[in-house]
Amino acid sequence: EMYYANGWNAYVNGELKPHYRVNYALRALRLPAGDNTIIFKFEPRIIESGSKITLIGSIVLGLLIIGAIIFTLWPSRKKEVV
């Protein structure tokens with residue numbers, strides 16, 4: 001497969017291993033002897049960061065909405081002048 005370093009992780013038998021560029025365009029792994037399970041996963045850091053930012057934004061928005069509802073429905077503490 002084509003080599004692309006950003007975001008791709010290589011797992012050999014469930015353990016994260018580095019992968020390398022070979023022949024300018026392909027990717028390769030160093031493997032121990034014997035049978036191995038190799039999995040390449042696309043796990044860019046920007047997706048994880050974006051998910052955290054989205055979660056924090058949703059929590060803040062939810063708190064603002066709850067605060068607005070409580071502020072609107074809470075009885076006023078001002079004393080009426082008669």
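In this predicted model, Trp8 counts as partly exposed, at 25% relative accessibility.

The protein contains 1 helix and 5 strands. Read from the N terminus, the elements follow the order β-β-β-β-β-α. The radius of gyration is 27 Å, well over the 12 Å that the globule rule gives for 82 residues, so the protein is more spread out than a compact globule. The C-alpha trace spans about 90 × 25 × 15 Å along its principal axes. Of the 82 residues, 10% are buried.

An open sheet is formed by 3 strands in the order 2-1-5, with antiparallel pairing. Strand 2 (15–17) and strand 5 (38–42) each have a single partner strand and stand at the edges, so one side of each is left without a neighbour in the sheet. From one strand to the next, the twist averages 40 degrees.

The pairing can be followed residue by residue. Strand 1, residues 8–12, pairs with strand 5 in the antiparallel sense over 5 bridges. Within this pairing, Trp8 has Phe42 of strand 5 as its bridge partner, while Val12 has Ile38 of strand 5 as its bridge partner. Strand 1 is also joined to strand 2 by 3 bridges, and these two strands run antiparallel. Here the bridge partner of Val12 is Glu15 in strand 2. Val12 therefore has a bridge partner in strand 5, Ile38, and another in strand 2, Glu15, where a pairing of strands requires at least two bridges between them. The hairpin of strand 1 and strand 2 has 2 residues between the strands, and in this hairpin Asn13 takes a positive phi near 55 degrees.

Which aromatic rings form a pair, and how are their planes set? The structure holds 1 aromatic pair. The ring centres of Trp8 and Phe42 are 5.2 Å apart and the planes stand at 50 degrees, so the pair is tilted. The pair links distant parts of the chain, with Trp8 in strand 1 and Phe42 in strand 5, 34 residues apart. Phe42 counts as partly exposed, at 48% relative accessibility. Trp8 also has a charged residue over its ring: Arg27 lies over the face of Trp8, at 4.7 Å from the ring centre.

Salt bridges are the next topic. Side chains of opposite charge can pair when their charged atoms come close. The structure holds 2 salt bridges. In one of them, the side chains of Glu15 and Lys17 meet at 3.3 Å, N to O. Glu15 is partly exposed, with a relative accessible area of 46%, and Lys17 is partly exposed as well, with a relative accessible area of 30%. Glu15 is also the strand 2 bridge partner of Val12. In the other salt bridge, the side chains of Glu48 and Lys52 meet at 3.4 Å, N to O. Both Glu48 and Lys52 lie in helix 1, residues 45–73, and are 4 residues apart, about one turn of the helix.

Two further residues of the helix relate this element to the rest of the chain. Arg45 lies in helix 1 and is exposed, with a relative accessible area of 73%. Arg45 and Asn6 are 39 residues apart in sequence, and their C-alpha atoms are 8.8 Å apart in space. Ile69 is likewise found in helix 1 and is partly exposed, with a relative accessible area of 47%. The C-alpha atoms of Ile69 and Gly14 are separated by 49 Å, and these residues are 55 residues apart along the chain.

Methods
Residues are numbered from 1 along each chain as its sequence is written. This is a predicted model: local features need pLDDT of at least 70, side-chain atom pairs count only at pLDDT 80 or more; totals for chains, interfaces and linings use all residues. Side-chain values use heavy atoms; hydrogens and water are left out. Axes are lines fitted to C-alpha atoms, for helices over the stretch in contact, and angles run from 0 to 180 degrees between N-to-C directions. A salt bridge is a side-chain nitrogen of Lys or Arg within 4 Å of a carboxyl oxygen of Asp or Glu. Buried means under 20% relative accessible area, exposed over 50%, partly exposed in between (1.4 Å probe, protein chains only). Rings of Phe, Tyr and Trp (its six-membered ring) pair if their centres lie within 6.5 Å; planes under 30 degrees apart count as stacked, over 60 as edge-to-face and the rest as tilted. A charge sits over a ring if NZ of Lys or CZ of Arg is within 6 Å of the ring centre and within 35 degrees of the ring normal. The radius of gyration is taken over C-alpha atoms; the globule rule is 2.2 Å times the number of residues to the power 0.38.
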